[in-house]
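Have the model open as you read.

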Amino acid sequence: NKVLVNDQLMERQEAKVDIEDRGYQFGDGIYEVIRIYSGSMFTGKEHIDRLFESAKKIHLELPFSEEILTKKLQELMEVNQLQTGIIYLQVTRGASPRQHHFPDNDVKAVFTAYTKEVPRPEKQMTEGVTAIVADDIRWLRCDIKSLNLLGNLLAKQEAMSKGSYEAVLHRDSTVTEGSSSNIFIIKNDELRTHPATNLILNGITRREILRLCSDIGLSYKEEAFTLDEMYKADEVFMASTTAEVMPLVQVGDTVVGDRTPGKWTKELQKAFLGAIQQQCGE
Ligand code: PLP
């Protein structure tokens, strides 16, 4: 399998990162994960746009245009003959002697990308999964898709160690998002999710779901909800690039509905699959 380092395609074993790369030392960089279905990118443009937005927010100059990046990712996907999986890409502020302030302009950003086969999580999507609830201890710029993920990792690890799939994060009992997903509730035929503020990552899957709500006739509000409102909801689900529309059948100690995926959640899964087939064929 080939990988990309800046504009070069190479074998993974040949790829090298400097030990003073700022991504490695500080997490000073940004990333994206793009889903591939039937050998095509799903919402690729939205992910690449978001990468450029994240870059701007941390004053990082990307070493290529959106067009060139798209072309390079296309090449990578094709040479690896990826059918169903993901492309992971990241950009760091480059390698320079360790110091907190940014290096001079002659230090160039370092781009890396690779592909990985990842099946759709069909069993989990059909049966639903469980989540724990955890304090959102992260910083206040969760809108940036930054490499700094320790707060997310600690929450996910706690979920894993308790046999759960995800951690639902909250600040003072207001649900923000999952450790690597956005969280949605449905109550009385209305969907709610946290608004796209600095406290969450505005997921590409989240945006797609809100678009699909209109298609299937489900009204929605981008309005924060509390843990208590989540416990009393008819349906709860999480969403991300890799997990798609993933039903949560238990959050913390509370069983959601009858512990099976809810009717609107299933409708959204169906509509989401429709969007995949429309964009990526089948
Ligand atoms: N929120 C966080 C913290 C994430 O890490 C992710 C994705 O990994 C998401 C939300 C969902 O974003 P997307 O739908 O763009 O994958």
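How far is an oxygen atom of the ligand from an N or O atom in the side chain of T241? The distance is 2.5 Å, which makes a polar contact (a pair of N or O atoms within 3.5 Å). With the side chain of T205, an oxygen atom of the ligand has an N or O atom at 2.6 Å. I204 takes part through a polar backbone atom, 2.8 Å from a ligand oxygen.

## Who is around the ligand

The ligand is surrounded by 19 residues, each with a heavy atom within 4 Å of it. Among the closest are R50 and E177. This shell holds four nonpolar, eleven polar (Gly counts here) and four charged (Asp, Glu, Lys, Arg) residues.

Domain 1 (2–117) and domain 2 (122–280) each give at least three residues to the shell; such bounds come from an automatic or database domain assignment.

## About the model

This is a predicted model, where local features need pLDDT of at least 70, side-chain atom pairs need 80 or more, and totals for chains, interfaces and linings use all residues. Residues are numbered from 1 along each chain as its sequence is written, and side-chain values use heavy atoms, without hydrogens and water.

Methods. A polar contact is a pair of N or O atoms within 3.5 Å; within protein, one must be able to donate a hydrogen and the other to accept it, and residues adjacent in sequence count only if both atoms are side-chain atoms.
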